[in-house]
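Please open the structure in your viewer and keep the selection tool at hand.

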Amino acid sequence: MFNFDFEVILNNLPFLWEGLQLSLLLTGLAVIGGIFFGTILALMRLSGILPLSLVAATYVNLIRSVPLILVIFWFYFLVPLILGRPIGSFYSALIAFTLFEAAYFSEIIRAGIQSVRQGQGQAGQATGLSYFQIQRHIVLPQAFRNMAPILVTQGIILFQDTSLVFVVSLRDFMTVSSIIARTEGRLIEMYIFAACVYFVICFAGSLFVRRLQKASIA
Amino acid sequence: MNYNWNWGVLFQEPYLGWLIMGVQWTFAVALAAWVIALSVGILVGVGRTLPSRPIAFLCTAYVEIFRNVPLLLQLFLWYFVMPELVPNDVGQWIKRDMPNPEYLTAVIALGLYTASRVAEQVRAGIESVGSGLTNAAFANGFSVTQTYRYVLLPISFRLIVPPMTSEFLTIFKNSSLALTIGLLELTAQSQQIAEYTFNGFEAYTAATVIYVCIALMATVVMQVVERYTRIPGYMGSK
């Protein structure tokens, strides 16, 4: 019925590898940036200072109600306008992903912080630690240990989401697969191959999450 | 920053018409996909908890496959690859005669993808009912079907209403991916307006405001549903 042509995949492996590297790099940087800004947002929301928590809550709810593609379009349009010069697709995409994912990470981190018993923070206060010392040495380390599995899960989702840079033709794994598919006229092979690669990476990631969950229960 | 503000552009023809068309397509995709997601998701989610091993395995495989491949790629697989893999006659019909190919593909792809997420919620709901009630049902001589029909499903469906709210919102956001196969839904229309008028700020703001309104509306509706379906004494007591 149909001959699967492995040749097209083998011939284009270096190109595909470059795309995969870009996907992974974007994921890694966006996870780091997302957790950083997410932590700030979560602390703002739990700070008990009304203006701060209001700003953070508005930001998180706004970002969470719009699609990622729209956010990507926003930043492609806004970033060069604000900076006055183009900075390239990669950095626009990186900023869009970081700020978008920060909203999702902040919800996870907020739940993580709330999972640390209040007595811990109070004990810190009683010992005379400052607010930042308490967060840095007592609350956040425990919170992050509790939420490690969910953070990795969000990282896997983020990795899948990076495929959306396709809409602005940034050459990640998805875009590269699609370019090869079109130029070589081999849509079936390339898209099935790309699906397999994504599946293997994400499935391996979710098995890792399961191990983390078992470790955290034990 | 050099930028020519012109909010009026949003209320001019044809741009206003484009936005309205976009909203209609977004609703059409999201709601139709939600029907598929709910029906398939419930079947698969229940299937995962059944005592029958082959069925549970198949349903687990479904969830893992659909959850671990990016939605964009799934969309492309349905749109570009599936018509080539089915028998020739069917493939020809899909490519030539099927009405609204972009719309139908988007609905199927988004529906089956969301089904895997719904299935996870359904499974979690059934598992959270606990083995005590299940064992009690079996002890009373209920069959598996009866246990599900009278004990597990009525309780778990009411338990999972809150997480389903967020899935319902997600399906609206994910419907924006349909623009990659050429369906002009809301995000695509706003981008098109941005390109035609160079008023990107206004166009994207319009789309953002509409998405936020959809989210608010869905939240209000679901809050009402949550109030009526809440099991007294079940959720509040942790």
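The stops below go from the interface to the cores.

**Before starting.** This is a predicted model, in which local features need pLDDT of at least 70 and side-chain atom pairs count only at pLDDT 80 or more, while totals for chains, interfaces and linings use all residues. Residues are numbered from 1 along each chain as its sequence is written, chains are lettered from A and ligands numbered from 1 in the order in which they are written, and side-chain values use heavy atoms, with hydrogens and water left out.

**Stop 1: the interface.** Select both chains. Here 34 residues of chain B are in contact with 35 residues of chain A, contact being heavy atoms within 4.5 Å. Together the chains bury about 3200 Å², of which 79% is on carbon and sulfur atoms; buried area is the accessible area (1.4 Å probe) that two parts lose on being put together, summed over both. Next select N68(B), K173(B) and Y204(B), which supply 18% of the area that chain B buries against chain A, more than any other three residues.

**Stop 2: a salt bridge.** Select R210(A) and E64(B). Their side chains meet in a salt bridge at 3.1 Å, N to O; the term requires a side-chain nitrogen of Lys or Arg within 4 Å of a carboxyl oxygen of Asp or Glu. Across the interface of chain B and chain A, the rule finds 1 salt bridge.

**Stop 3: the main core.** Select F97(A) and F76(B). In the largest nonpolar core, which has 128 residues, these two touch the most other members. Such a core is a set of buried Ala, Val, Leu, Ile, Met, Phe, Trp, Tyr and Cys residues joined through side-chain atoms within 4.5 Å; buried means under 20% relative accessible area, exposed over 50%, and partly exposed in between (1.4 Å probe, protein chains only). Helix α5 of chain A, residues 89-114, gives the most to this core, with 13 residues. Helices are DSSP runs (H or I, at least four residues), numbered from the N terminus. Leaving aside neighbours within four places in sequence, the contacts of F76(B) include F166(A), M174(A) and V81(B).

Stop 4: Select V63(B), found in helix α2 of chain B. Is V63(B) buried or exposed? V63(B) counts as buried because its relative accessibility is 0%. Beyond its neighbours within four places in sequence, V63(B) is in contact with V44(B), R48(B), S116(B), A119(B) and E120(B).

Terms used
Helix = DSSP H or I, 4+ residues; strand = E, 2+ residues; numbered from the N terminus.
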